[in-house]
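Hi,

Here is the structure I said I'd pass on. Have a look at it first, and then read my notes below.

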Amino acid sequence: MNYPGQSEVMTGTSIMAVKYGSGLDSGVIIGADTRTSSGSYCANRVTDKLDQVTSHIFVQRSGSSADTQAIADIVRYYISIHEAESNKMPRVQTAANLLKDLIYTNKNRLMAGMICAGWDDEVGASVFEVTPFSGTIVQEDWAIGGSGSSFIYGFCDSEYKPGMSKEETKAFVTMALAHAMSRDGSSGGCIRIATIDKNGAAREFVQGDKLPVN
């Protein structure tokens, strides 16, 4: 007999990260919906899927809530030790490689597809996508993930343009996530957005009734 809460909570998710600008003046906009689902049951309407691991680096979570939260906590722990020992700002790629190692080494025990994005003082902004099971790590100008991502690949291919400004990138992320949420029954709620650049991270929140697409 199965009891409520016996199985792990799975997230129906839409996550996204887009880089703008170039060099040390670049930045990245990340965003995610806020719905955590367990099958057809909405377990949480206002989940925060943007996990901050340093002042300038975030990881975004899709897959099992328990698995991805644990991975984010472990990355935050190791990156803090690395930062203390090296006395330097951690590189985004370092955090992404940690994600890759954790996901691939435990591929038979975890369900986690994650995006690592942020800014460092060596290369500026960067976006890395780490796939579930294989642990493949890919650096991209934009990345999407989660169950809602399959609905917006065409939109992103069509609407993404290199050289977009910060405001254009933010509007692009908001519109793409709103489309994903409108199509994917496991994504929904509101949109959380963070802008990461040399000045740090700034968060924004778009209420469900203020989305550009319903």
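Predicted model: local features only at pLDDT ≥ 70, side-chain atom pairs only at ≥ 80, totals over all residues.

Let's start with strand β8, residues 124-130. Seven of its seven residues are buried, meaning under 20% relative accessible area, so β8 is largely enclosed by the rest of the structure.

What does β8 pair with? On one side of the list is β7 (residues 112-120), which runs antiparallel to β8 and is joined to it by seven bridges. These two strands form a hairpin, with three residues between them. Then there is β9 (residues 137-140), also antiparallel to β8, with four bridges joining the two. β8 and β9 make a hairpin as well, this time with six residues between the strands, and Phe133 there takes a positive phi near 70 degrees.

Now go to strand β1, residues 15-20. It is mostly covered, with five of its six residues buried. β1 pairs with β2 (residues 27-33) in the antiparallel sense, over six bridges. The two form a hairpin with six residues between them, and Gly21 in the turn has a positive phi of about 75 degrees. β1 also pairs antiparallel with β10 (residues 142-145), over four bridges.

Which residues stand opposite Ile15? In β2 it is Ala32, and in β10 it is Gly145.

Cheers

Conventions:
Residues numbered from 1 in each chain as written. Heavy atoms only, no water. Buried < 20%, exposed > 50% of the residue type's maximum accessible area, 1.4 Å probe, protein only. Pairing = 2+ DSSP bridges.
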